[in-house]
Amino acid sequence: MNTWKKLSNKEIKSRIFGALQQNINFFNAPLLGVPASHLDGKVFYQDAPFLQDAPFLSALIHNPNHIGCHTIGESESFFSGTQELEKEVIKILAEDIFKGKENDQDGYIASGGTEANIQAIWIYRNYFMKKMGASAQEVGIICSEDSHYSFTKAANLLQVQIGQVAVDRNTRSIHDQELQNTIESLKSRGVKYFIGIVNMMTTMFGSVDDVEQFVQHFKTEGVPFKIHVDGAYGGFFYPFSNLENKLNFAHPYISSITLDAHKMLQAPYGTGIFLVKKGMISHTITESAKYVEGLDLTLIGSRSGANAIGVWMILMKYGPFEWYEKIHTLLMRTNWLCGQLKKMGFSFYRHPHGNIVTIKANHLDPKVAQKYSLVPDDHHQPNWYKIVVMDHVTIDKLQEFVEEIQIHATQSA
Ligand SMILES: Cc1ncc(COP(=O)(O)O)c(C=O)c1O
């Protein structure tokens with residue numbers, strides 16, 4: 001870990017207030033031309049004494065706009081102080097967690113996993129169009145059927161094709177033959193350029209795809225391809241639960257990664273993260289964004305700098321070792337739950353390094369599933385219900401659930 005180091009509360013406060021001071025100050029600067037300001041003073045406290053100890057709330061009130069991507073070229077100079085904190089977040093994630101080479105990745109804080117996934121597809125579509133003369137319809141996304149629906153959105157918005165590969169019902173892994181069939185089917189629909197999506201923990205099962213399987217198939221077919229990792233769910237979990245995993249920038253074919261800080265990192269909503277190897281993000285430059293200093297390479301446009309500060313604060317408060325401990329506490333709770341389910345003879349899926357336990361619906365009384373807010377795979381016809389072992393999902397709460405399903409299982413036996 002080169003950049004990621006735990007900081008004391010005092011250090012965190014001083015860095016954030018220092019960064020805010022380097023930004024333009026809406027309160028006292030002669031700032032006439034920007035269609036932006038601090039939060040409305042009639043509604044939001046500006047000078048309450050507690051704000052001196054509340055760097056995140058202060059950042060919200062100062063309201064920096066982090067429009068654009070700050071790891072490349074120029075950015076709006078008004079907010080250069082807090083942009084530095086965002087750049088530090090991107091560096092920590094790309095280099096310390098996802099093993100990228102120093103200064104070899106770009107990235108920005110997106111609105112969520114959906115935006116980051118769409119940004120990836122947008123970049124690759126434009127890359128194939130500009131560099132290889134492809135038409136949009138000749139570009140195809142290929143992903144497992146367990147992938148997030150943001151890829152279907154991306155295909156629709158960007159007018160590229162999509163093929164979803166069937167997975168094994170029990171292991172949730174992709175069969176070679178199914179992958180082959182989906183590639184063939186896309187080719188028969190005119191696709192010549194492929195974007196492979198590798199999941200780092202799927203939404204419903206927490207399953208993880210095999211990057212080598214995608215690479216081997218694309219190579220055997222001799223088709224041009226790019227690989228994106230969707231770590232919206234697993235990005236802050238899997239690199240710590242499986243230290244030896246290969247889903248990172250050290251892999252020669254992985255060129256972008258999505259994360260969501262508003263899931264496992266417990267940051268405020270509106271905090272996705274997009275990381276990409278250098279040389280790629282320029283394919284989504286919007287030249288007509290002329291009023292933005294440094295133009296705009298992102299999908300979102302204006303966005304709150306406070307979100308970037310929220311991620312920075314969480315990373316710095318924990319540091320790498322405490323974060324590792326937190327993930328391993330969640331893994332231990334998940335192990336405990338799986339042990340209980342096994343004893344009761346329940347069928348369920350759990351990736352060995354994951355904290356999602358997805359139980360076959362036939363074991364559960366729908367009323368119990370509802371009482372514990374288990375999420376079904378399909379609200380009309382549930383086949384599975386998932387439990388996500390987060391910070392608030394303690395063994396005490398899991399125990400209560402296990403006792404209740406035990407009673408139900410005994411009664412219905
Ligand atoms: C694997 C995966 N990808 C993408 C997303 C989309 O993230 P968001 O809801 O932040 O847009 C999710 C959300 O659940 C997800 O689990």
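Q: How far apart do the C-alpha centres of domain 2 and domain 3 lie?
A: This is a predicted model, in which local features need pLDDT of at least 70 and side-chain atom pairs count only at pLDDT 80 or more, while totals for chains, interfaces and linings use all residues. Residues are numbered from 1 along each chain as its sequence is written. The protein is divided into domain 1 (9-63), domain 2 (77-315) and domain 3 (319-412), with bounds that come from an automatic or database domain assignment. Between the C-alpha centres of domain 2 and domain 3 the distance is 28 Å.

Q: How many residues of domain 3 are in contact with domain 2?
A: Two residues are in contact if their C-beta atoms, placed from the backbone, lie within 7 Å. The side of domain 2 that touches domain 3 has 7 nonpolar, 6 polar and 1 charged residues; Ala, Val, Leu, Ile, Met, Phe, Trp, Tyr, Cys and Pro count as nonpolar, Asp, Glu, Lys and Arg as charged, and the others, Gly among them, as polar. Domain 2 contributes 14 residues to this contact, and the number from domain 3 is 15.

Q: Is Asp260 buried or exposed?
A: Asp260 is in strand E6 (residues 254-260), and beyond its neighbours within four places in sequence it is in contact with Gly112, Gly113, Ala232, Tyr233, Gly235 and Gly272. A residue is buried if 20 or more other C-beta atoms lie within 10 Å of its own, exposed if 12 or fewer, and partly exposed in between, with C-beta atoms placed from the backbone. Because 24 other C-beta atoms lie within 10 Å, Asp260 is buried.

Q: How far apart in space are Asp260 and Gly112, C-alpha to C-alpha?
A: Gly112 is among the residues in contact with Asp260. In sequence the two are 148 residues apart, but in space, C-alpha to C-alpha, the distance is 6.0 Å.

Q: Which strands stand at the edges of the sheet of 7 strands?
A: This open sheet has the order E1-E7-E6-E5-E4-E2-E3, with mixed pairing; two strands pair if DSSP finds at least two bridges between them. The twist averages 20° from one strand to the next. Each edge strand has a single partner strand, so one side is left without a neighbour in the sheet; these strands are E1 and E3 (161-165).

Q: Which residue in E6 is the bridge partner of Asp230?
A: Strand E5 (residues 225-231) and E6 run parallel and are joined by 5 bridges. In E6, Asp230 has as its bridge partner Thr258.

Q: What angle does helix H7 make with strand E4?
A: Axes are lines fitted to C-alpha atoms, for helices over the stretch in contact, and angles run from 0 to 180 degrees between N-to-C directions. Helix H7 (residues 211-221) lies across E4 (193-199), E5 and E6, and its angle to E4 is about 165°.

Q: Which helix packs on the sheet of 4 strands?
A: The sheet is open, in the order E8-E9-E11-E10, and its pairing is antiparallel. Strands E9 (residues 356-360) and E11 (residues 384-388) are joined by 5 bridges, and the partner of Ile356 in E11 is Val388. Touching E8, E9 and E11, and at about 20° to the direction of E9, is residues 305-343, helix H9.

Q: How many residues of E9 are buried?
A: E9 forms a hairpin with E8, with 6 residues between them. E8 and E9 pair over 2 bridges, and Tyr349 stands opposite Thr358 in E9. E9 is mostly covered, and of its 5 residues the number buried is 4.

Q: Is Asn103 buried or exposed?
A: Asn103 is in the loop between H3 and strand E1 (105-110). Although not a glycine, Asn103 has a positive phi of about 55°. Because 11 other C-beta atoms lie within 10 Å, Asn103 is exposed.
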